[in-house]
Amino acid sequence: MKHKIYIIVLVSLIGLFGCNDFLDVTSSEKILQKDLFKDSNGFRMAVNGVYKDLSSPNLYGKNLSWGFVSAIGHNYEVSQTTLPSDLYQSAIFRWDVSDTQMIADAIWSRAYNIIANCNNIIQETESRDSLFFREKSLEKNLILGEMYGLRAMMHFDMLRLFAPAPVMNYSGSSIPYVEKYPDYHPIHQSTTDVLNNIITDMEKAKEILAPIDTIKFRSIMTYPENRYRTFYYTELKEGEFFNYRCQRMNFFAATALLARVYLYKGDFENAFANANLIYKYHKLNWFKWTDPNNQGQSNDVDMVHIKRPDESLFLLHNSKNFENIEAYTLVGTSGIHRFRMNKMDELFQNDLDDFRYLGWYNRDGLQRYLTWMRPTGTSEFAQKIAQYQGPLIPIIRFSEMYHVMIEYYIHKGNIPEAINLLNDLRLARGAKARVANDVTSDVLMDKLVIDIIRETLTEGQTFFMYKRLKRDIFNGATNIIMEPQDWTIPIPHSETAY
């Protein structure tokens with residue numbers, strides 16, 4: 001791999017140091033890298049910088065949420081008028097055109113820059129005694145747990161984009177798994193080895209963060225208004241750095257992401273074990289379904305919680321979310337609205353009472369989904385939704401754990417248990433028609449796939465579900481037939497040349 005990724009990797013706090021080894025802290029202040037880690041405040045700044053960069057449009061602030069990955073998952077109508085040119089080319093799997101290659105390069109470069117930053121922080125943290133940090137071992141462990149988890153998560157999404165899925169039985173090399181800083185010649189590993197490294201890191205994060213999030217900050221994690229930033233405020237004696245745990249990598253996020261990784265690998269037993277752990281906390285009311293009035297049961301659109309944050313195990317934050325999507329939404333003065341949802345009537349047939357259709361879709365006749373839309377209401381409630389939920393970027397919710405467990409039960413032939421769980425999930429989403437007890441496993445799997453699409457619209461997970469299952473993409477009456485080359489984005493040329 002060319003040196004490019006690691007030479008520029010720390011140019012700013014939100015992403016990269018430059019060749020002069022200085023770090024942008026704000027627009028008007030710069031700090032030398034050698035000075036950054038001289039005290040615990042510097043470590044906190046570096047950690048916060050990783051989260052800010054994860055939320056940038058190159059990654060989860062667009063490309064890995066409502067933008068690129070939602071387009072290739074055909075969450076939107078695919079045409080040259082309803083998608084920007086680069087996303088249209090991506091949605092028809094033209095990996096060879098410059099528009100698509102530019103997106104791939106931006107994702108790849110920024111992701112490996114973040115991985116390098118995580119590695120740098122891990123190494124610096126491990127080299128310090130606990131007494132170096134203001135909050136001693138609590139702070140040291142929290143930083144290590146978060147950075148190991150983020151390093152694993154970032155590698156996992158690069159693997160899902162730039163390498164064949166395990167179901168393809170590909171035996172060649174995939175992506176590099178980078179564990180040290182700097183690493184100018186990282187080795188591309190097999191998919192199996194990369195997945196094993198991801199699991200090792202995420203298991204480590206889970207173990208480190210478990211006592212922090214289930215014991216030390218139990219009061220934060222058991223109440224949704226404490227888990228993410230709202231108009232409520234809970235002051236911690238340890239300070240702001242330790243607050244809003246679901247806006248940081250945490251024990252529950254690491255556990256749920258492990259379920260996602262194990263399922264992608266095809267390890268149903270470990271996927272179920274991790275999903276079931278989250279499910280048990282959910283049944284203990286640590287994480288609850290969004291109130292029906294806030295999903296769409298109310299006729300007042302101002303009531304809708306556009307990000308369903310109470311259900312989220314991990315959220316990122318970008319204060320420019322509304323502006324970022326609005327810049328792409330309208331085409332000049334023509335009034336054409338981009339990002340129209342795709343085949344929604346067919347997707348929700350016989351379930352038009354489902355909140356994900358009834359409450360979330362086609363408000364104001366725009367044929368769009370509310371998740372990323374700025375609330376149009378003028379009430380105080382709508383303004384608070386816009387202020388506190390608008391910047392949030394959902395990464396994983398406990399509802400995904402239902403899907404993991406349902407698929408496990410189908411795989412094990414326990415159809416009654418799978419049906420019960422799917423009916424519970426559907427009821428929580430307002431769908432009143434129950435799945436019949438006599439459905440076959442194939443029919444039940446089809447229904448599960450449809451529910452996963454409904455649950456992940458515009459949030460960047462649909463394409464990965466299709467890819468993991470090697471399943472053609474839903475497009476109404478006629479699915480989009482996928483060829484092997486359509487599933488895997490080529491690693492950017494700039495990163496493969498020597």
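Analyst: Contact here means heavy atoms within 4.5 Å. The model is predicted. By that cut-off, and leaving out residues up to four places away in sequence, N119 touches R151, V178, E179, K180 and Y181. N119 sits in helix α6, residues 98-126. Its relative accessibility is 1%, so N119 counts as buried.

Now the rings. The whole structure contains 32 aromatic pairs. W66 and F339 make one of them, edge-to-face, with 5.6 Å between centres and 90° between planes. W66 is in the loop between α3 (40-54) and α4 (68-72), and F339 is in the loop between β7 (336-337) and α14 (344-347), so this pair ties together parts 273 residues apart in sequence. W66 counts as buried because its relative accessibility is 0%. F339 counts as buried too, at 2%.

A further edge-to-face pair joins F252 and F287, at 5.1 Å centre to centre and 65° between the planes. This pair links distant parts of the chain. F252 belongs to helix α11, while F287 lies in the loop between α12 (268-283) and β5 (312-317), 35 residues apart. Both F252 and F287 are buried. They also belong to one aromatic cluster with F251, Y281 and W286.

Charged groups meet rings as well. The charged end of R128 sits over the ring of F132, 5.0 Å from its centre. R308 lies over the face of W360, 4.5 Å from the ring centre.

Notes: Residues are numbered from 1 along each chain as its sequence is written. This is a predicted model: local features need pLDDT of at least 70, side-chain atom pairs count only at pLDDT 80 or more; totals for chains, interfaces and linings use all residues. Side-chain values use heavy atoms; hydrogens and water are left out. Helices (H or I, at least four residues) and strands (E, at least two) are DSSP runs, numbered from the N terminus. Buried means under 20% relative accessible area, exposed over 50%, partly exposed in between (1.4 Å probe, protein chains only). Rings of Phe, Tyr and Trp (its six-membered ring) pair if their centres lie within 6.5 Å; planes under 30 degrees apart count as stacked, over 60 as edge-to-face and the rest as tilted. A charge sits over a ring if NZ of Lys or CZ of Arg is within 6 Å of the ring centre and within 35 degrees of the ring normal.
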